[in-house]
Amino acid sequence: MDLDEIVSIGERGYVEYKRQWYWDLDKQPNPSDLQRLWGEFIKDFLSLTNANSSSFGYERFLVIGFDEEKNEYHDFSLNEEKFKRLKSKINSKIKDFISESSKIKYKINLKTKHGINIILISIEQPSEIHSLHKDIQTKTQSYPANSILSRGETHNKNDSVIVMPKLQIQELTKKLSPTQNKILNRRRSIKATVDSYLEINRSYSLSDDFPKVSNEPEKYYEFYEINSNINNDKTYFLYIAENSMELTLKKFSDDFNKFKNVKISILIDKPSGATLPEKRKNNMKKYAQIANLTNIHVEFIDEFGKKYLYKEYLEPFLFEDEFHNTKNFIDNNVIDESNKSASLKASHVISNWFQEEDSPIILLTGMGGVGKTTLTKYFLNKNLKEHNQENYILFLDSSTLIDKLKTTTVNSIYDLYKADINEQAPFTEQLFRLSIDNGSFIIVLDGLDEIISRMRGHFQLHHFLHKICTDYCFNSAKTKIIITCRDSIWKESISQFEQIKDLAIRHILLEPFNEEQAKEFFKSAFKDKDNLQKKAFSLVDKLIGESNDRIYNPFILDTVRTIITDDNSSEIDYLFSNDKLDMDSLCLSTQSQTDYLIYAVCKRESKKLGIPLSNQIKLLCHICKYDGLSNFEFINLVKTILERDTNEQELSLLKAHPFINKNNEKLNLRYDFLRDFFTVLLIAQIVTDNNSILDDKTFLLLEKKVSYLNTFSMEVAKRTLNSNSDDICINIINNIDKISSEKKDNFEKFISSLFLIYLGILKGLNKLNKRDELMNALNSIFGTSNKTVKNLCLCNINKPNGNPKLVFDFSDMEFENFYIQNYSEFYNCTFNEKTFFKSGKIDLAEIPEVRHGLKKSNFSDKVIFLGKTESILNTIEEQSEQKEKKKKDSFENFVRKFFSNGRFRSKKVDEIKAKYGKLVSKMLDLEVIVLDRESKLNDDEYKINPELVDELAKYLDSSVQSPQIIEILNQM
């Protein structure tokens, strides 16, 4: 990288500027001061080498002779002779004071700018973390040996020097893993760009023996000759890697002197973080003149792509108008989960991430309503406005995508793009990948939790994210994808797929507002109206006082903002006069700030609408069953809830409800957070109402949302704590009986979901902590009598979390009309000879590496085997027979060891243990052998148990197994 580019970056985790050397080179400091000043240099060099997580993958630079404040080079009387002496001492000090210094790849160069000599120390991304080999003393403090110095990360800058915290050491160590190093050492190329150019321009082809590639890694170039198949015209592309650009261009000129006068398009990487990227282009033109290349055109790779490869496909995503609903934005505090740092500002962390290379994904998690989407929109508005260039954004809103994805399997971000654009002509996947890797446009996936919970079998999260980090970040590595997700759903997902933690994902957790931020929000919302600011904050304070939620959720604040006016002061106290029985009947909690606010808002609306609060809540709950309602569907739903016709005025007022929003002619809940809230409420109301029968839309909701003891199930459980579990059990049994008799499509999955909801409710009531209680629950719902179970359905339960484990004891049980599919713990259940699956369907997964007691004889010929089940059971049968034979052979060989000349004889203990190992302990436990206490030898001996001698002799003679022998073999 050119020196002018480096000084344009600004100080940060991987860049440090010094106005002059650490002391006056014309004056030698006294020994004590000199020791401290060398300590200053070692401190700076080591901290820059380790840098910090945000700087991972960047080359580090220490520029000595640049005044950042004045933005100019500074003459500190450095000449070539002084530089040579200093360079020798620097190398010596690094070797003496820094651990494993031989593994640090660094260069110390003398540069001249405007007649001023400058020292430039460049350090490659290290392959390990380095520490102090000896104690050092700086001007202000001392650092002991083994200290790991790094660059700090604070709100405004990340160039301070700190001792690296343990959690950051762990995070950086993970980034320095072999997998990450492969990414780090990736050789950049324009091959994919040229391939795409040829794909679009079919009349061109790559000339034979091209590309020509540099044979020196430090001076890397690629040279392509493109031939027109029509008139034989030639087009030339030259890629120059960003390290040592001047020397690389000179090497190319020397290697291919005959091309000096042809027109060449030079493609280069755009520098990350540099405030003036055009400087690199100008430098390249200057270097070309020096190398005698007379006819060149310089483009950044991403700009070339935008102009010539995929401009028409980007146009629909041009960022022209700002995103709405960000004018009262207040910056959240966040916990940076990737770097284990707290008390950071969200916009600072996301801005830093945006400048990083090889960091394709930032994940924003937090509770519902905390402001993940608002932060994303604010960042894009602010960040993209500051750059005077065209920007492109693909904003994927999961709530609008779900309906389009109903029958589609999602393997990649490209699948979501295709669903979103619908009728428009799409990118090819090759161009889509290239444009993302080039950083040509930003992708936002808002609401990953919706896709996770509602796509289930059609979406593999680990595969999806891994594909982004590899297939979509493969060369330039400028990929930028912002993902928002509810934190509870994310935690559940990574507990099932530990490999996700190894992916290059920057993860930050947004925290709710504190009191100061809440006041700041109302100040922004109500400007100079102090009375409204105080009124709003007073209402929120009352909410907090009435509940156990000691937080200021931005959603709550924004909702309060909508109901505060100059003339509603008398309403405030009225909103808090709640009816506990009324709230209980709706499954609302008086201990929850959110529940309280929703109750209060609907109570306020009941005056305006003339519609009872309970009907408003029911309407909001039932809206969740739709992926947006048309006007016709909304009218019918309102009619069903109110049990009467409505007029236009009532409908207009309902559509203006604070919690309802109209978008693209569809009515929906205003926030994604509300969809989850009212879905939980809907299910809780249904399972606690003995007269409630679930409809098809509710079943589809259940199937998408419920898994064993997951967040959704436990949220439903919290809302049923005041209900009788026996009544809930009866209600669920009634629904299952109805579903079983109707046998609609996928009814087995609905039964499975209801059972899992019931288990969650029992867990919430502290009635599901042991395996016995799990079995009691199964028998309560599906048991009849005499250990017979009917209509048991276990579907799509893959790697369930929770305690107790979802593992049943099926010993001595008989199953009728059962349905088992994609239940990963099935093999871990207990089976015995009397376990019998009499009628039903089963789809077994491949045999896992676990011991199990399942046999084909456990199934009757009336059972329908789905998928590969029959083949799997045959394999199990064969394995069982082989296992039995192996067991019999082992037993017979062991017994024969004691049999010779027609009778059993004692054998030395050491001899038997040496030959049979662990089998000896088993034979002792089963009392097949005993210690011979009458042995006449000095050594201990084993003998066959006298009580078994006759049985075993017959067995060896005729292979006939007596009941006693059978029992021994069964217990082996």
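1. Two strands count as paired here if DSSP finds at least two bridges between them. With that in mind, strand 13 and strand 14 (residues 234-240) of this predicted model form a hairpin, with five residues between the two strands. Asn232, in the turn, has a positive phi of about 70°. The two strands pair in the antiparallel sense over seven bridges. Within this pairing, Glu222 stands opposite Tyr239 in strand 14.

2. Strand 11 (residues 204-206) runs antiparallel to strand 13 and is joined to it by three bridges; here Ser205 is opposite Asn227 of strand 13. Strand 12 (residues 212-213) also pairs with strand 13 in the antiparallel sense, over two bridges. Lys212 has Phe223 of strand 13 as its bridge partner.

3. Is strand 13 (residues 221-228) buried or exposed? Eight of its eight residues are buried, so the strand is largely enclosed by the rest of the structure. In a regular strand the side chains alternate between the two faces of the sheet. Both faces of strand 13 are covered. Tyr221, Phe223, Glu225 and Asn227 are buried on one side, and Glu222, Tyr224, Ile226 and Ser228 are buried on the other.

4. A separate open sheet has four strands in the order 1-2-6-5, and its pairing is mixed. Strand 1 (15-18) and strand 5 (106-113) are at the edges; each has a single partner strand, so one side of each is left without a neighbour in the sheet. Ignoring direction, neighbouring strands of this sheet are turned by 15° against each other on average. Strand 2 (residues 60-64) and strand 6 (residues 116-123) are paired antiparallel over five bridges, with Leu62 opposite Ile121 of strand 6.

5. Which strands does helix 2 touch? Helix 2 (residues 31-50) packs on this sheet and touches strand 1, strand 2, strand 5 and strand 6. The direction of helix 2 makes about 150° with that of strand 2. Helix 3 (residues 80-97) lies across strand 5 and strand 6, and runs at about 160° to strand 5.

6. Helix 7 (residues 245-255) packs with helix 8 (residues 278-290) at an angle of about 40°, and the axes are 9 Å apart. The crossing of helix 7 and helix 8 is right-handed. Helix 7 contributes Met245, Glu246 and Leu249 to the contact, while helix 8 contributes Arg280, Met284, Tyr287, Ala288 and Ile290. By class, these residues are six nonpolar, no polar and two charged.

7. Helix 25 (residues 613-623) and helix 26 (residues 631-642) pack at about 135°, with their axes 10 Å apart. This pair is therefore oblique too, and its crossing is right-handed. In the contact, Asn615, Lys618, Leu619, His622 and Ile623 of helix 25 meet Phe634, Leu637, Val638, Ile641 and Leu642 of helix 26. The contact residues divide into seven nonpolar, two polar and one charged.

Note on methods: Residues are numbered from 1 along each chain as its sequence is written. This is a predicted model: local features need pLDDT of at least 70, side-chain atom pairs count only at pLDDT 80 or more; totals for chains, interfaces and linings use all residues. Side-chain values use heavy atoms; hydrogens and water are left out. Axes are lines fitted to C-alpha atoms, for helices over the stretch in contact, and angles run from 0 to 180 degrees between N-to-C directions. A crossing is left-handed if the near helix is turned anticlockwise from the far one by less than a right angle, and right-handed if clockwise. Contact means heavy atoms within 4.5 Å. Ala, Val, Leu, Ile, Met, Phe, Trp, Tyr, Cys and Pro count as nonpolar, Asp, Glu, Lys and Arg as charged, and the others, Gly among them, as polar. Buried means under 20% relative accessible area, exposed over 50%, partly exposed in between (1.4 Å probe, protein chains only). Angles under 35 degrees count as roughly parallel, over 145 as roughly antiparallel, 65 to 115 as roughly perpendicular and the rest as oblique.
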